[in-house]
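Please read the numbered points alongside the sequence and the model.

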Amino acid sequence: MGLTKNEIFTDEINAVSAFAKAIGHPARLIIIKYLLQRETCVCGDLVKEIGLAQPTISQHLKALKEAGIVQGTVEGTSTCYCINTAHWNAMNTKLQSHLKPVPNDSKNCC
């Protein structure tokens, strides 16, 4: 299997690809959905609300944080997480600009 040559793609394409990869796991989508619905920082509710083990949620939050999708702040002994709205909105717009809808009456397919 060959290596991906990311340097041949634009920075925007690489950023959109990283964003898509970060949201490309069902557990991460559920975490994002929960955080978007709450519209506030969440401290420790994710295990109870989502039903996954704490280490699993921590692993997914780490991936989402590395991708810039969530941000965290330490409050006492716990970390509170919320959506990084500026990054989320920017990447969501860029992703949608690359995935334009195809008209239902399109005849360009075999």
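1. Helix α4 contributes the most to the lining of the largest pocket, namely 4 residues. The lining also draws at least two residues from each of α3 (46-50) and β2 (78-83), as it does from α4 (54-66). Helices (H or I, at least four residues) and strands (E, at least two) are DSSP runs numbered from the N terminus.

2. The model is predicted, so local features need pLDDT of at least 70 and side-chain atom pairs count only at pLDDT 80 or more, while totals for chains, interfaces and linings use all residues. Residues are numbered from 1 along each chain as its sequence is written, and side-chain values use heavy atoms, with hydrogens and water left out.

3. The largest pocket holds about 160 Å³ of space. A pocket is an open set of points, on a 1 Å grid over the protein atoms alone, where a 1.4 Å probe fits and protein lies on both sides within 12 Å along at least five of seven lines; lining residues have an atom within 4 Å of a point. The volume is the space filled by probe spheres set on the points, which are joined across faces, edges and corners.

4. Which residues line the largest pocket? They are Val42, Gly44, Leu46, Val47, Gln54, Ile57, Ser58, Leu61, Ser78, Thr79 and Tyr81. Sorted by class, the lining comprises 6 nonpolar and 5 polar residues, and no charged ones. Here Ala, Val, Leu, Ile, Met, Phe, Trp, Tyr, Cys and Pro count as nonpolar, Asp, Glu, Lys and Arg as charged, and the others, Gly among them, as polar.

5. Ile31 lies in helix α2 (residues 26-38). Ile31 is buried because its relative accessible area is 0%; buried means under 20%, exposed over 50%, and partly exposed in between (1.4 Å probe, protein chains only). From Ile31 to Cys43, 12 residues along the chain, the C-alpha separation is 13 Å.

6. Ile23 sits in the loop between α1 and α2, and its relative accessible area of 15% makes it buried. Ile23 and Lys62 are 39 residues apart in sequence, with their C-alpha atoms 12 Å apart.

7. Two alanines deserve a mention. Ala20, in helix α1, is partly exposed at 33% relative accessibility, and its C-alpha atom is 22 Å from that of Leu52, 32 residues away in sequence. Ala90, in helix α5 (residues 85-98), is partly exposed at 34%; 25 Å separates its C-alpha atom from that of Thr79, 11 residues apart along the chain.

8. Ile8 belongs to the segment before α1 (11-22) and counts as exposed because its relative accessibility is 61%.
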